[in-house]
Amino acid sequence: MRPVFLVTPALVYLVVLCFIPDVIMLALSVFEYRDGVIYPGFTFEHYVGFLTDSFYLNILLRTLYLAFGVGVLTVLIGYPVAYFLVRGRSRFKGLVLMLVLMPLLASVVVRTFGWLVLLEPQGLVNQLLDVVGLGPVTLIRNYTGVFIGLVHVYLPYSILSIMASLSTVHPSLELAAQNLGAGRVAAFRRVTLPLTLPGMVTGFALTFALVLSAYATPRILGGRTVHTTATQIYDQMLFLLNWPLAGAIAVIVLVISLVVLWVTSRVQGKLVIA
Amino acid sequence: MTVAAEHRRIRVAGYVSPTRAWLERSLLTILYRVALGLILTFIAAPIVVVFIASVNETQYLRFPPAGFSTRWWEAALTERWMGPTWLSLRLAAVTAVMSSILGTLAALGIYRGSFRGRDALLAALLSPLILPQIVTGAAMLQFFALIGLRDVLGFPALLLGHIVITLPYAIRTVMVSLHGLDRRLEWAAQDLGANPVQTFVRVTLPLIKNGVFAGAVFAFIVSFNDVPISLFLGRPGNIPIPIAILGHVESRFDPAVAAVAVVTIAIVLALIAIAERFARVSEFIYQQER
């Protein structure tokens, strides 16, 4: 049997259940929508509406801002962990690796629920803040909670991206720099850090794209007050039943994530996927 | 040149005196360790508190814990929560089997093929990984509604959707194990008179077993934990456990959910432990994530 035929079942499956639905969604997003009924047509009003209406535009900008912040922070706090896991000589390395990978085995919903327990008005974090005199702070049903939760959810992706990059940089390079008189900080800042920039960029891009389509964390920790592009897709689909608008938002999210991942892939000369 | 001048010259090149270097090093080491400790606490905290909250006596978890209670577990181990858990378990199991079959065949075809557009084909097969999953889920709901198949919503639609997003994982793990396969073993089998099917079943499959198993385990976990696809394709009374939890905690705080969460974590860990007995799965899971 020719090998190409072995691919056919999987390919047909994806064409019918993934690619055709995507094309239908694209088509629906330019259909007309009046009084809860969808009419065939060709209009960009849903796109224009989403990108000009201040309510929707605000949601998009806030989501982009959130994605940027979460991306930067996961890289910043992911770096020391990745460095420890690649360069460290501690006997706890295996344990730490397990700790980093463990969250990937639990559902996003479970991890986010854990944050709900911690960030509740009467939860542990507020109890701790009370002790040090910072008083009760509202940490859920707002952007703060969503931000904390998202950083936690996507941190493993950044750590693994940076680890992959760091493991290609030979430790002797840093030692050579130190041997040539550079202090530890200088050797790290001027040798290792620039060489691991690709891993940091990958981690950031991946996180950025994933936050745009993150639903569970914004919904649980943000309640009904925080809207992101993903929660808007859901609300338009299932509450407001405005499928053309839902489709338009989905296409916008899709385009932004693809552009971010494509640019990253081009810069690095390899494919970046979750 | 005087010694002082020499020192000045060296300092320009980034030279640091031994005392300063020592101070710098110890301060940095302390800072680095404290930061590491804080970050690791951050990673572990939400999972650890779920375990504690599930046996904590009061509704809100405070320090020190109020006392031990099984009441949240009693609430969790009822039909209300175990129904969706059982649905998720069946869904993930069937998804894993289907994805592995389709994925193994596809990986073999891609790996062995030397046809034009092979790279493009592989990219197409892996594309569900790049497409935002919430977009895929929403698109599938529109698709089923438009072709008049609203009746498939529930288990059948969930299964169809979960296979879409888990297929790439199965393909990737099998591809990885095919890379390590010595083709001469297959040629030897065929030389000895085995037909292609016999060669596949008795030589190739046992050799790529680790990859196939790892792909299946991965598909199971992704399906079992999935939110964005299940969000759109379930129907009332026929929803997987992550969506049941999501719908519940959106509006209220209920520690019974902590016990349910522990059950779901235990199921995934048990699955990995069982799979590990048949194949070295954990190594693949680590590789896969990179």
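**Note on the predicted two-chain model**

1. In chain B, domain 1 and domain 2 bury about 820 Å² between them, 69% of it from carbon and sulfur atoms; buried area is the accessible area (1.4 Å probe) that two parts lose on being put together, summed over both. The domain assignment, automatic or from a database, places domain 1 at 3-69 and domain 2 at 72-289. Their C-alpha centres are 37 Å apart.

2. This is a predicted model, in which local features need pLDDT of at least 70 and side-chain atom pairs count only at pLDDT 80 or more, while totals for chains, interfaces and linings use all residues. Residues are numbered from 1 along each chain as its sequence is written, chains are lettered from A in the order in which they are written, and side-chain values use heavy atoms, without hydrogens and water.

3. Chain A and chain B bury about 7,700 Å² between them, with 79% on carbon and sulfur atoms. The contact (heavy atoms within 4.5 Å) involves 86 residues of chain A and 84 residues of chain B. One salt bridge is counted between the chains: Arg224(A) pairs with Glu250(B), their closest N and O atoms being 2.5 Å apart.

4. Chain B has a mean pLDDT (the predictor's confidence in each residue, from 0 to 100) of 89, and 91% of its residues reach 70 or more. Where pLDDT is low, the predicted coordinates should not be read in detail.

Note on methods. Salt bridge = Lys/Arg side-chain N within 4 Å of Asp/Glu carboxyl O.
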